[in-house]
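Please keep the sequence and the model at hand while reading.

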Amino acid sequence: MGPPDYGAAQTSNRGRAMSRRLRTPDLAACAPATLATFALASMILAPAHATPLHALAQAGQARQASYAADQADTGAAVYRTSCSACHLPNLAGSFEAPELAGPTFRNTWGARSVSDLLELTRETMPTGTAGSLADAQYVAVVAFILRENGVAPTPARLSLSSSGRVIGATANAAAASAPGGANDALRPPVPGRVGTGPTPGTRNATPEVATITETATGVTRTYRPARNFTSVSNADLVNPPDGDWLHWRGTPGAQGYSPLAQINSENVRRLSLAWVWGMESGTSQPSFLVRDGVIFLPNQANVIQALDATDGTLLWEYRRTFPEGAGIGRGHLRSLSMWEDLIFVATLDASLVALDARTGTVRWETVIADPSLGYGNSSGPIVADGKVINGISGCTRLNEESCFITAHDARTGRELWRTFTIARPGEPGGDTWGDLSFEQRGGADVWIPGSWDPDLGLVYFGTAQAKPWVAASRGLSTADSTLYANSTLALDVDDGHIVWYRQHVPGETLDMDEAFEQVLVDVDGQPLHLSIGKSGILWKLDRRDGRFLGLTETVYQNVFSVVDRETGAVQYREDIQEARIGDWMSVCPSTAGGHNWQSTAYYPGTGLLVAPLSQSCMEMSGREVVLDPGRGGSGADRMWFPMPGTEERFGKLAAYDVRTLDEVWSVEQEAPLLTGVLTTAGGLAFVGDYDRWVRAYDVETGENLWESRLASTVMGFPVTFEVDGVQYFGIPTGRGGGSPWRIGNFLAPEMMSPDGHNALYVFKLSGP
């Protein structure tokens, strides 16, 4: 056999051929490479546009790259936080991290193009999170490196497109022409003979194996297109195929129910782990979608991933990038939506992005609101009749515009209509905010996805409380109802006008919003709307017109002295009505609920609604808040304590007959429940908790049939799906997020929830 061909770098990807770029070794990470090796390897592995060292040396008087003084100053700060741990504060390098200032660096990089250094730094640093900085930060770090190597600043600024030498005319031209220099042919080492450089195709850094596409606001890496994906029609969204999961709660009516029955109450004990996918760290409460054996998973910080549903192989990944200094990027996204061949993402910085479902590339993007005013998204949109319908959140600060719901053309992103969730002066409901101007009216966020009734042509959204939380902090009383906060809104799909509304708690003053899932079911020929807010009251309405049909109290509550079961009207205790700024109120439940974002699920077999509930109480005091535009806030202090009579059983799972609203069964436990519920035709109800347990209950009796303990808190939304005749069950682990998280954190601290273990766990049946 003849010698290998060293004329080109050799690459492989376990037999899969695809478009890729080879990375040069990692300059900014603690990588196993000396600079001498790095210089030669760079010539071999550098991208095609990179200029070889000897070519620059032969150029003789190639000009010096330029940078501005302020860029180097900025770069010094970025270097301290992102690079100095490996390369040391004085750039001298440590262990396997190379020197970045000094003779070794200058000898290696002096005659190289600054474009090479810029590209390498951008593609490889910081270690473990390459590409996570803004472009301006990468440029600034290189400017700082130039300054530390004696290059003086100039008025000309450095940019990603800059050319010129790293250290001016310091290249050793003699070395390039001497025997064994850069002009000689490369001689790789073999056993028994040293070489002049490493063998082409050898590596000391991770190569890029994806096709990369970039926009100004995101980067997509496509590893393997989802070729089996078929477009999702309007008919599919109305009646989803049994094996797919096309809506955040499975159905357009947010029922959280699957008709799959391969996993059932008889064999669920055989459920075992099929695979695990590690997710981004940080606050995480995700649901995911499934189509044609592909999982679409939202991660923390708007990282969206497509996975092979049978084994967890990553197909593509989209990473949102945020403006430098914007203070955005560490939040979470609960859900996505899909239509045709698009995946829709509502971003933390108040935009809407459509991704190609097969490759993850951006097809269109539109700005919904100005993120600098506090607007953002914590959950995704829904799709109804070819419209992407999204409710905005982040309305704590007071602005000239309130919170709102928008509809966008699903093919283009063009806004079709916008409905504000706070009534303006002079409009219906505008007199329910006392004398406050429109700019002083805050809140009524929409932070949980809506539901859709295709037959009625209506979409349903719940709205959050008014801001600040306490009525006295708003300069109002509980007699000021503050429409349309704490309401269910039924909107016309075509134009967004409010067809009907129901304000569940007028004048809400305890941060107990009614903003959660809107469950649509048909029982005995009657179209029902079911919802539960933080007060723990389960509301039953006719979804055609909002007519009140009934209620039940799911947990102990003492905030309302009157709950009229004929009309649904509620009235606060007298001390709550009269509370002023600085007064402390003792109330049950706390702001964890009752009920919160952890969604209920419907079981059509027996007409049960299974609800994850929380049993805790709190003391609350409102602060003084400046009600000027650009100011505002939630404005209250809270202290939590266990709910009396529960023996510190903070979690409650209960099933209610939707015909009578009677409680059929319940299970109570110390650990708070921190997932939505999933019901299946197999007679099961799945749910997870703070103490790392995921369990399957008999949906008709509440009997515990199966359980498994995972690496961290089970948090998010469980999903089931089918691929090639096999049913799978998936559930995420995560951490963090408001009052529901605090109950376990504050009131049950003996339960350990390890950080850094966000993951998606997928199970299937095993054995006979």
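Which residues do ring pairs link into a cluster? In this model the cluster consists of Phe686, Trp706, Phe729 and Phe763, where a pair means that the ring centres of Phe, Tyr or Trp (taking the six-membered ring of Trp) lie within 6.5 Å, with planes under 30 degrees apart called stacked, those over 60 edge-to-face and the rest tilted. The structure as a whole holds 23 aromatic pairs.

Before going further, note that the model is predicted, that local features need pLDDT of at least 70 and side-chain atom pairs count only at pLDDT 80 or more, while totals for chains, interfaces and linings use all residues. Residues are numbered from 1 along each chain as its sequence is written, and side-chain values use heavy atoms, with hydrogens and water left out.

Rings also take part in contacts with charge, where a charge is said to sit over a ring if NZ of Lys or CZ of Arg is within 6 Å of the ring centre and within 35 degrees of the ring normal. Arg418 is placed in this way over the face of Phe404, at 4.0 Å from the ring centre, and the charged end of Arg424 sits over the ring of Phe438, 4.4 Å from its centre.

Turning to the chain as a whole, there are eleven helices and 42 strands, defined as DSSP runs numbered from the N terminus (H or I over at least four residues for helices, E over at least two for strands). Of the 768 residues, 59% are buried, a word that here means under 20% relative accessible area, with exposed meaning over 50% and partly exposed lying in between (1.4 Å probe, protein chains only). The accessible surface of the chain comes to about 28,300 Å², and 49% of that surface belongs to carbon and sulfur atoms; the areas come from the Shrake-Rupley method with a 1.4 Å probe, and for residues only the protein chains shown count as cover. Among contacts in the chain with a separation of 6 or more, 62% are made by residues 24 or more positions apart, a contact being heavy atoms within 4.5 Å.

Leaving out residues up to four places away in sequence, Phe296 touches, among others, Phe229, Phe288, Trp316, Met338 and Ile343.

How many disulfides does a search of the whole structure find? There are two, counting pairs of cysteine sulfur atoms within 2.5 Å. One joins Cys395 to Cys403, with an S to S distance of 1.5 Å, and this link is right-handed, with 90 degrees about the S-S bond. Cys395 is buried at a relative accessible area of 3%, and Cys403 is buried at 0%. Another disulfide joins Cys588 to Cys617, with S to S 2.0 Å, and because the torsion about its S-S bond is about 105 degrees, this disulfide is right-handed. This pair links distant parts of the chain, 29 residues apart, with Cys588 in the loop between β29 (584-587) and β30 (601-603) and Cys617 in strand β32 (residues 616-622). Both Cys588 and Cys617 are buried.

Why is the sulfur of Cys83 too far for a bond with the closest cysteine sulfur? The closest one, in Cys86, is 8.6 Å away, and therefore too far for a bond. Cys83 counts as buried, at 4% relative accessibility.

Two further residues complete the tour. His504, in the loop between β22 (498-503) and β23 (519-523), is buried with a relative accessible area of 1%, and its contacts beyond four places in sequence include Glu514, Trp539 and Leu541. Leu609, in strand β31 (residues 608-614), is buried with a relative accessible area of 1%. Leu609 and Leu530 are 79 residues apart in sequence and 8.9 Å apart in space, C-alpha to C-alpha, and Leu530 is one of the residues in contact with Leu609.
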